[in-house]
Amino acid sequence: MLEDGWTPVATTSKGIKFNSLERSINKPSQTKSIVQANQKDPTENRRDKTVYLIRHGQSVGNATNTFGGADRNTSDHLIDCGLTETGRNQALDIAKFFTDVTIDLVVSSPMTRALNTAVLGFPNYDILVHYNLREFGCRIPENVPRPMNEVLKDIHADVQAREKHEVTIDLTSLQPKRWPNPHSSISRKDEVRNAFQWLYTNRQEQTIVVVCHYNVIRSLLSDNLGRCSIKPKNGIPICCLLKADGNLVTVE
């Protein structure tokens, strides 16, 4: 069907011949309606996955507005800062929420506070680092990403303690080029959404833990107007259903 409802019935040396009886103005063709009626939503009847969103344990940045006499918004001491002692304890307590849950996959943001939370909270599991899960707002130091070798150096003791379990941390499979200064042509919110679409489409696991950040979680759970009533707490899982279209719905 071309513009104005004309239907080509043959092609001649002089161009396309049209059958004027096929023309329909301001009225959808019967054939098109039948085809549309028979088309199925490709996401229909696809099984939901279960995702537990976890905000990292309390970080140094969360705990104070000043550090070393400098403001939280400007202090270089807070660049990709780690966990406080309270945050470490929150991370260690995460396991109690999953005593009756079989976890298939643990995914973490690359930020130090999130990865350290995943390492402490899930010592018996492999961890996949997904770089799209980093926190929004790189204008404040604690959200500025660093090279992963620096992150691992800061949490080395906790990573080393996992070696007896023979588990791994996959830093490379999804690492973007030019990390920690990646370039993207899409918004951060879309990057986060794409990460969850990828988890649904490209991974076989059905029960997934995602350790990330306050604003990342709120962006995932916001409505079409960007509103979200949920305020994620440090180290407390939020159970969701991951739909085939990449959207998340909280489970009450």
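Visitor: Is Thr 84 buried or exposed in this model?
Guide: The model is a predicted one. Thr 84 sits in the loop between S5 and H3, where Gln 58, Ser 59, Val 60 and Ala 63 touch it, not counting residues up to four places away in sequence. The cut-off for burial is under 20% relative accessible area. With a relative accessibility of 15%, Thr 84 therefore counts as buried.

Visitor: How many residues apart in sequence are Cys 81 and Ser 59, and what is their C-alpha to C-alpha distance?
Guide: Cys 81 lies in the loop between S5 and H3 and is buried, with a relative accessible area of 6%. Leaving aside neighbours within four places in sequence, its contacts are Ser 59, Val 60, Gly 61, Thr 112, Arg 113 and Glu 142. Cys 81 and Ser 59 are 22 residues apart in sequence, and their C-alpha atoms are separated by 6.8 Å.

Visitor: Which phi value does Asp 80 take?
Guide: Asp 80 is placed in the loop between S5 and H3. Asp 80 is buried, at a relative accessible area of 2%. Its phi is positive, in a residue other than glycine, and lies near 45°.

Visitor: Is Glu 166 buried or exposed?
Guide: Glu 166 belongs to the loop between helix H6 (156–160) and S8. Although not a glycine, Glu 166 has a positive phi of about 55°. The cut-off for exposure is over 50%. Since its relative accessibility is 73%, Glu 166 counts as exposed.

Visitor: Is the peptide bond from Trp 179 to Pro 180 cis or trans?
Guide: Pro 180 is found in the loop between strand S8 (169–170) and H7. Omega for the bond from Trp 179 to Pro 180 is near 15°, and the bond is cis.

Visitor: How many residues of helix H4 are buried?
Guide: H4 covers residues 112–121 and is mostly covered. Its buried residues include Arg 113, Asn 116, Leu 120 and Gly 121. The count of buried residues in H4 is ten of ten.

Visitor: Are the axes of H7 and H8 roughly parallel or roughly perpendicular?
Guide: The axes of H7 (residues 188–202) and H8 (residues 214–221) come within 10 Å and cross at roughly 75°. Angles of 65 to 115 degrees count as roughly perpendicular. H7 is therefore roughly perpendicular to H8.

Visitor: Which residues of H8 meet H7?
Guide: The residues of this contact divide into four nonpolar, one polar and two charged. On the H7 side are Lys 189, Val 192, Arg 193 and Phe 196. The H8 residues they meet are Val 216, Ser 219 and Leu 220.

Visitor: What covers the buried residues of H8?
Guide: The buried residues in H8 are Val 216, Ile 217, Ser 219, Leu 220 and Leu 221. Their cover includes H7 and the strands S3 (49–55), S9 (207–212), S10 (237–242) and S11 (248–250).

Visitor: Which residue in S11 is the bridge partner of Leu 241?
Guide: S3 and S10 pair in the antiparallel sense over six bridges, and Leu 53 stands opposite Ile 238 in S10. S10 and S11 also pair in the antiparallel sense, over three bridges. The bridge partner of Leu 241 in S11 is Val 249.

Visitor: What phi does Gly 246 take in the hairpin of S10 and S11?
Guide: This hairpin has five residues between its strands. Gly 246 takes a positive phi, near 90°.

Visitor: Which element supplies the largest share of the largest nonpolar core?
Guide: Of the 24 residues in this core, Val 51, Leu 53, Phe 196, Leu 199, Val 210, Leu 221 and Leu 248 touch the most other members. S3, strand S6 (105–108), H7, S9, H8 and S10 each supply at least two residues. The largest share is five residues, and the element supplying them is H7.

Visitor: Which residues is Leu 248 in contact with, leaving aside its neighbours within four places in sequence?
Guide: Leu 248 is among the residues that touch the most other members of the largest nonpolar core. In soluble globular proteins, nonpolar side chains tend to be buried together. The contacts of Leu 248 beyond four places in sequence are Val 51, Leu 53, Arg 193, Phe 196, Leu 220, Leu 221, Cys 240, Leu 241 and Leu 242.

Key
Residues numbered from 1 in each chain as written. Predicted model: local features only at pLDDT ≥ 70, side-chain atom pairs only at ≥ 80, totals over all residues. Heavy atoms only, no water. Axes fitted to C-alpha atoms, helices over the stretch in contact; angles between N-to-C directions. Helix = DSSP H or I, 4+ residues; strand = E, 2+ residues; numbered from the N terminus. Parallel < 35°, antiparallel > 145°, perpendicular 65-115°, else oblique. Contact = heavy atoms within 4.5 Å. Nonpolar A, V, L, I, M, F, W, Y, C, P; charged D, E, K, R; others polar. Buried < 20%, exposed > 50% of the residue type's maximum accessible area, 1.4 Å probe, protein only. Pairing = 2+ DSSP bridges. Core = buried A, V, L, I, M, F, W, Y, C linked by side-chain atoms within 4.5 Å.
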